[in-house]
Amino acid sequence: MSDSTRVGSEPGWSSYLPPLRWLAEYRAEWLPHDAVAGVTLAAYAIPVSLAYATLAGLPPQVGIYGYLLGGLGYALLGSSRQLAIGPTSAISLMVAATVAGMAEGDAQRYAQIASLAAFTVAALCLISWALRLSALVKLISDSILVGFKAGAGLTIAMTQLPSLFGVAGGGHNFFDRAYLFAGQLGHTHALVLAVGVVAIVLLVLGQRFLPGRPVALGVVVLAIAAATLFGLPALGVPITGEIPSGLPSLAGPALRLRDVEGIIPLAAGCLLLAYIEGVSAARAFADKHGYALDPRQELLGVGAAQLAAARGHGDPVAGGRWQ
């Protein structure tokens, strides 16, 4: 095991609460840079969180709660100093594919099951930490993750293409969606497609000529302004709609584990994805910045993030490379 992933040896509470270690060494001159980093992350995370929540079949604001609360939970117990926590494409797809059958068309039950899944992932994280199962991460190769992410990317693309072309879409798997989408191309909404193409072009150009800048947030702002000034919703361009203001109520789901058949396999799958994705990204950050990462401690960090997100009625979250 490399130095960047060795288990920390500090005794006492500091070995379980990493902030007790780095807060004592924190310098006031770092604060402005950290503030800029936080604003930059928020600029990226807000539009992405809205999209991933919708991909998971949940209200858009749930994605924002996942970043807000999940990140705070991870900061208390996680050992990475740069890892960002929030909804991910892989977990959103897993939630959407699994919870829909469990909810049986009931939107409220759907949200409750997604929140219960996050609670269950938190419990599994604690059990895995106690049993020292973090060593199992070495059995998962990077090629497996690349293959999974490639499949997730294709699935996401096929779920979003109908929205780009302004058609209904549908289907239950990749090939079914592709077949239905191909048959609906004759009903493409030209204005919706034009707006989508312009947004994609701006994103690509922004990444090319303005690297490291909050280009995605700028595109969102421009889209909101265009929709308002030109009355795009009245012309058939769909919008997100009103997002509830304020903070979520910190209450657990009304459902219990025995109320939902299949919740344990779903939570186990989410834990596997969240832990492997998170540790992979956290290891890269640790190597780059020269500090030790504790893979076992990461189970507590991921678990705390799940618990915090679930308290805000969110679905499971994970860490990734948001840079």
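Biologist: What pattern does the chain follow, read along the sequence?

Modeller: The pattern is α-α-α-β-α-α-α-α-α-α-α-α-β, from eleven helices and two strands. Helices are DSSP runs of H or I with at least four residues, strands are runs of E with at least two, and both are numbered from the N terminus. This is a predicted model, in which local features need pLDDT of at least 70, side-chain atom pairs count only at pLDDT 80 or more, and totals for chains, interfaces and linings use all residues. Residues are numbered from 1 along each chain as its sequence is written, and side-chain values use heavy atoms, with hydrogens and water left out.

Biologist: What makes the radius of gyration of the chain agree with a compact globule?

Modeller: The rule is 2.2 Å times the number of residues to the power 0.38, with the radius taken over C-alpha atoms. For 323 residues a compact globule would have a value near 20 Å, and the chain has 21 Å, so the two agree. The C-alpha trace spans about 65 × 50 × 40 Å along its principal axes.

Biologist: Why is P214 called partly exposed?

Modeller: Buried means under 20% relative accessible area and exposed means over 50%, with partly exposed in between (1.4 Å probe, protein chains only). P214 has 39% relative accessibility, so P214 counts as partly exposed. P214 lies in the loop between α8 (190-209) and α9 (215-229). P214 and L41 are 173 residues apart in sequence, and their C-alpha atoms are 8.3 Å apart in space.

Biologist: How many disulfides does a search of the whole structure find?

Modeller: The search finds zero. C125 is in no disulfide, and its nearest cysteine sulfur, that of C270, is 11 Å away.

Biologist: What share of the contacts with a separation of 6 or more comes from residues 24 or more positions apart?

Modeller: Such residues account for 74% of those contacts in the chain, where contact means heavy atoms within 4.5 Å.

Biologist: How far apart are the mean positions of the positive and negative charges?

Modeller: For the 18 positive and 17 negative charges, the mean positions are 5 Å apart. Lys and Arg count as positive and Asp and Glu as negative, while His and the chain ends are not counted. The place of a charge is NZ of Lys, CZ of Arg, CG of Asp or CD of Glu.

Conventions:
Disulfide = S-S within 2.5 Å.
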